[in-house]
Amino acid sequence: MSKVAIIMGSKSDLPVMQEAIDILKGFDIETEVDIVSAHRTPEKLFEFSKKAHTRGISVIIAGAGGAAHLPGMVASMSPLPVIGVPIKSSNSIDGWDSVLSILQMPGGVPVATVALNGAKNAGILAAQIIGSHDKLVLDKILVYKENLKDAVNKSSDEMKK
């Protein structure tokens, strides 16, 4: 069974990252959640990044605010796909510093980047990555997408009444 690691730079990021946790639980995908600071716990960052693939992790979602080095540093050391979630934090320049820090990675060190505070989409993207090789997850994603369509159609119908 595939597992997604969800890491963040500090506990203050948890309200945003909870959306990724919740969406993955909805797809019955196991999660491992931890605080790994690129700046305050670099040894933990190195250990986590180099060994995540040996613990059954298939995808890493890394959320960070401010300078937002966490996703890129993880991607530099891990063979796994990394999804970065820029977080608008108290020390952030309207969130743009986080967005650009995660988005502008050098060639050879990719980080898939979602919107500012877009942890829900990060969870969906992680599930889709896993679904590309796990039919049970893929079937749940297909149902999820159908439910999105149904919700829009229902709203449309109600608006026309």
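Two strands are said to pair if DSSP finds at least two bridges between them. Helices (H or I, at least four residues) and strands (E, at least two) are themselves DSSP runs, numbered from the N terminus.

This is a predicted model, in which local features need pLDDT of at least 70, side-chain atom pairs count only at pLDDT 80 or more, and totals for chains, interfaces and linings use all residues. Residues are numbered from 1 along each chain as its sequence is written, and side-chain values use heavy atoms, with hydrogens and water left out.

**Overall form**

The protein chain holds 6 helices and 5 strands. From the N terminus on, their order is β-α-β-α-β-α-β-α-β-α-α. For 161 residues, a compact globule would have a radius of gyration near 15 Å, and the 16 Å of the protein chain agrees with this. That radius is taken over C-alpha atoms, and the globule rule is 2.2 Å times the number of residues to the power 0.38. Along the principal axes, the C-alpha atoms fill a box of roughly 55 × 35 × 30 Å.

Of the 161 residues, 43% are buried; buried means under 20% relative accessible area, exposed over 50%, and partly exposed in between (1.4 Å probe, protein chains only). A contact means heavy atoms within 4.5 Å. Among contacts between residues at least 6 apart in sequence, 68% join residues at least 24 apart.

**The sheet**

The 5 strands form an open sheet in the order β2-β1-β3-β4-β5, with parallel pairing. β2 (30-35) and β5 (112-113) stand at the edges with a single partner strand each, so one side of each has no neighbour in the sheet. Two of the pairings are set out below.

| Strand pair | Bridges | Direction | Bridge partners |
|---|---|---|---|
| β1 and β3 | 6 bridges | parallel | Ile6 and Ile61 |
| β3 and β4 | 6 bridges | parallel | Ala62 and Gly84 |

In strand β4 (residues 82-87), 6 of the 6 residues are buried, so the strand is largely enclosed by the rest of the structure.

Helix α3 (residues 70-77) has Leu70, Pro71, Gly72, Val74 and Ala75 as its buried residues. The cover over these buried residues includes β1 (3-8), α2 (42-51), β3, β4 and α4 (96-103).
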